Amino acid sequence: MSRIAYVNGRYLPLAAASVNIEDRGYQFSDGVYEVCEVRGGRLIDECLHMKRLAFSLSELRIGMPMSLSALSVVLHEVVRRNRVRWGIVYLQITRGVSRRDHAFPPAGTAPSVVVTARNLDLASAEKMATDGVSVISVPENRWARVDIKSVSLLPNVLAKQAAREQGAREAWFVDRDGCVTEGSSSNAWIVTRDGKVVTRPADHAILKGITRTVVIEAIAAQGLKLEERAFTLEEAHGAREAFITSASQIVLPVVSIDGRPVGNGAPGLVASALRRDFHRHAKTS
Ligand code: PLP
């Protein structure tokens, strides 16, 4: 079955789907995106993803290309046409097509909209959660507004590639103070020796993950103690547990950081319980 993409009003086979070379997404990374998990054809936490999309667009002064209800119809239609049972739907909105000039294009230039969807391998995702994953650390070198979900991801691309080349799943960015900001495509968490769950506050230095928001609720529901504060790489090395969260990976235990085992080197109880909680949440949301 060939995959189908939505491009500016049309549903097309992927091979026939294209954007103009003067699209500002292509020329300047002048656009935003969202990735939503799909289960049984349903979009998990769609409302929260659409809220963050509206925030990203507004911060960059890109117009919302259609109503949220129309956008929802498109997202579901792409999921349906690609027969996604468990996977992701990807949405990208750019400032549109215009003769190349750094400044904004003329008023009235229509934003471009692309939507794709695909299945993920549920069995291999669950295996990764059972085994745990490794992360490496890399210096933070991104711009100061990574709370905007911009398609401008070059530092994230290079960080992820560095992780792959070192046999790791993820790279954690570490700022000048030695503190972990987040992963190249996930939020970063630790559990301290005395059982406190720690993650960086959602300021401009991290993307406020939707999974992060849901996991914070699960932490409260479990009666665990949460500390939203920066933590150093050194503290992570000495932590009882570590884990990462994102819409496509849910909660993944981290068992080693820069080649050093976290805790006893096996997935932690808190991370595994929070993953179970997220599964429960996804069934009912
Ligand atoms: N941080 C970064 C840099 C990301 O790219 C992502 C997801 O792609 C996240 C955090 C997690 O966000 P979410 O839970 O909304 O997927």
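Begin by selecting Ser 150, which lies in the loop between strand 7 and helix 5. Helices (H or I, at least four residues) and strands (E, at least two) are DSSP runs, numbered from the N terminus. The model is predicted: local features need pLDDT of at least 70 and side-chain atom pairs count only at pLDDT 80 or more, while totals for chains, interfaces and linings use all residues. Residues are numbered from 1 along each chain as its sequence is written, and side-chain values use heavy atoms, with hydrogens and water left out.

**Stop 1: around Ser 150**

Is Ser 150 buried or exposed? Ser 150 counts as buried, because its relative accessibility is 9%. Buried means under 20% relative accessible area, exposed over 50%, and partly exposed in between (1.4 Å probe, protein chains only). Next, display Ser 29, Gly 31, Val 32 and Tyr 33, which Ser 150 touches when residues up to four places away in sequence are not counted; contact means heavy atoms within 4.5 Å. Then select Ser 152, whose backbone nitrogen lies 2.9 Å from a polar atom of the Ser 150 side chain.

**Stop 2: from the loop to helix 2**

Select Arg 145 and Glu 59, whose side chains meet in a salt bridge (2.9 Å, N to O). Arg 145 lies in the loop between strand 7 (133-139) and helix 5 (154-165) and Glu 59 in helix 2 (residues 46-60), so the pair ties together parts that are 86 residues apart in sequence. Glu 59 is partly exposed, at 34% relative accessibility. A salt bridge is a side-chain nitrogen of Lys or Arg within 4 Å of a carboxyl oxygen of Asp or Glu; by this rule, the count comes to 20 salt bridges.

**Stop 3: within helix 3**

Move to Glu 77 and Arg 81, whose side chains form a salt bridge (2.8 Å, N to O). Both residues lie in helix 3 (residues 68-81), 4 residues apart, about one turn of the helix. Glu 77 counts as buried at 18% relative accessibility, whereas Arg 81 is partly exposed at 34%.

**Stop 4: Glu 140 and Arg 142**

Select Glu 140 and Arg 142, which are joined by a salt bridge between their side chains (2.8 Å, N to O). Arg 142 is buried, with a relative accessible area of 13%, and Glu 140 is partly exposed at 24%.

Conventions: Polar contact = N/O pair within 3.5 Å; in protein donor to acceptor, adjacent residues only side chain to side chain.
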